[in-house]
Amino acid sequence: MADVEYAIVGGGVVGRAIALALSPQDGEIVVLERCPADRVENQSTRNSGVIHAGIYYRRSERPIKARLCVEGNARLYEFCKENDVPHANTGKLVVATNTREEDYLQGILATARENAVPGVRILNAREVQAIEPNILATAALLAPTSGVIDSAAYLAALQRVGRAHSLFATEVVSIQDNGASFELETQCVGNSERFTARYVINAAGAQADEIARMVNPDCGFQLVPSRGEAAKFYQSRRPSLAMGGRNIYPVPAGFYPDGTHANVPYEEFQSLLRAGVITETVGVHLTPTLDDKGKVANTMTIGPAIQAGVAKDDLASGLYPPAHYLRSVSAYFPGLRVDDIELHQAGIQARMAGQLDWHIQRDVKHSNCIHVLGIDSPGMTGSLAIGRLVAELLVS
Ligand SMILES: Cc1cc2nc3c(=O)[nH]c(=O)nc-3n(C[C@H](O)[C@H](O)[C@H](O)COP(=O)(O)OP(=O)(O)OC[C@H]3O[C@@H](n4cnc5c(N)ncnc54)[C@H](O)[C@@H]3O)c2cc1C
């Protein structure tokens, strides 16, 4: 018999949500996290804090993201209410500033409707002005189920609930399939330990490809890191910086490998993305922050400004200057000035090379191991739905 039933590698929101979903099952659950308990630094604590509505992902291309984002959105609001996690259902505007971008709004609207995202509709310029007077737009898509959350408080709440046993400062360094169980070797403050687990769940974020190779050296998974940087400004500084409390996004942008913007109609954008010719970003957006009671605060964040080709642990070298943020948002937020902008934080996101969707599957050779790979944005929003899916895969 194995020492524990479930060993979850990675104590981010995904690993924790899986632990919570497995809590009703019999057997011991252990979450192994390499960071110390008082300094868990990962994607889950360094993200934009947006609760996504699920409007961007087409079911034909990204069925898992499309489904789990919408499901996760509803589960996340419920979890926050039950566990006192600061959050706010602010809604979100995706703004267009010209006719090409208005065409993008129609494409996003069609996807949102296909995904059954509630309440999504297009606003005209006058309607946008009425609710966000400092935003310049010819039209906008309103997604009422979008919101903001205190990501660190969410991770802490997930750690509190459920019945998993947490080991911090514990790095998994090898995993061996012994037939009836897996033997895991860990390093904790210089000490090596070994134990066995019947099931291994790989939820190691940006390192999930390395964990996958420990289980199955032939798996071929590769995660491509990119850095998302964010800045901030204070709304009370001038009337032209005051916001209506919503997330404000431009239309998504695509980039060729040399960094050139793919200035193409929406359907062409989608086919270039499908073919792997461009990479996509949701664009540099404005996001409210929350006080500890969940009320929208004075600070607004601006980001992410994406840097490709960085190392998985490089949070600091060559950060974008304030002028980059100004250029990125000035078309729809003209009241901002460069000296309003302060650098805020950076986080590393990891996408699966050559794949648009998340990978949540049993290992092809070692079926008692489930890999949860390439959980890029909106992975925090989808986390509770990912947990539900992994628990179902394990007990099926
Ligand atoms: C800049 C940025 C902005 C984002 N914005 C949003 C947003 O607004 N909304 C949204 O829904 N999503 C957003 N995301 C995505 C979201 O943050 C991630 O999808 C989610 O946090 C992934 O969680 P995770 O648990 O898979 O990974 P992580 O949070 O990275 O956790 C993985 C954990 O595994 C641990 N680990 C790694 N290797 C080992 C090992 N060998 N042994 C033990 N432990 C190990 C790491 O220390 C880490 O704590 C954003 C991401 C970034 C980077």
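Val13 reaches the ligand through its backbone: an N or O atom there lies 3.3 Å from a ligand oxygen atom. This is a polar contact, a pair of N or O atoms within 3.5 Å. Here are such contacts, by residue.

| Residue | Protein atom | Ligand atom | Distance |
|---|---|---|---|
| Val13 | backbone N or O | oxygen | 3.3 Å |
| Gln43 | backbone N or O | oxygen | 3.2 Å |
| Gly379 | backbone N or O | oxygen | 3.3 Å |

How much of the ligand does the protein bury? Alone, the ligand exposes 1000 Å², and the protein buries 97% of that. Accessible areas come from the Shrake-Rupley method with a 1.4 Å probe. Helix H1, strand E10 (170–177), strand E19 (342–352) and helix H9 each give two or more residues to the shell around the ligand. Helices (H or I, at least four residues) and strands (E, at least two) are DSSP runs, numbered from the N terminus.

This is a predicted model, where local features need pLDDT of at least 70, side-chain atom pairs count only at pLDDT 80 or more, and totals for chains, interfaces and linings use all residues. Residues are numbered from 1 along each chain as its sequence is written, and side-chain values use heavy atoms, with hydrogens and water left out.

The shell around the ligand holds 39 residues, and Glu33, Ser44, Val50, Ile375 and Thr381 come nearest. A residue is near a molecule if one of its heavy atoms lies within 4 Å of it. By class, the shell has 14 nonpolar, 20 polar and 5 charged residues. Asp, Glu, Lys and Arg count as charged; Ala, Val, Leu, Ile, Met, Phe, Trp, Tyr, Cys and Pro count as nonpolar; the others, Gly among them, are polar.

Now the second largest pocket. Its space is about 180 Å³. A pocket is found on a 1 Å grid over the protein atoms alone: an open set of points where a 1.4 Å probe fits, with protein on both sides within 12 Å along at least five of seven lines. Lining residues have an atom within 4 Å of a point. Among them are Ala17, Arg75, Phe79 and Arg388. Helix H1 (13–22), helix H2 (63–82) and helix H9 (379–395) each give two or more residues to this lining. H2 gives the most, with 4 residues. The lining has 5 nonpolar and 4 charged residues, and no polar ones.

Next, a sheet. Three strands form an open sheet in the order E3-E8-E4, with antiparallel pairing. E4 and E8 (residues 147–149) pair over 2 bridges. Ala88 stands opposite Val148 in E8.

Finally, some backbone details. Most residues other than glycine have a negative phi, and most peptide bonds are trans. Yet a cis peptide bond joins Gly303 and Pro304, with omega about -5°. Pro304 lies in strand E18 (residues 296–308). Another cis bond joins Ser377 and Pro378, with omega about 10°. Pro378 sits in the loop between strand E21 (369–373) and H9. Asp84, in the loop between H2 and E4, has a positive phi near 55°.

Definitions and conventions. Points joined across faces, edges and corners; volume = space filled by probe spheres on them. Polar contact = N/O pair within 3.5 Å; in protein donor to acceptor, adjacent residues only side chain to side chain. Pairing = 2+ DSSP bridges.
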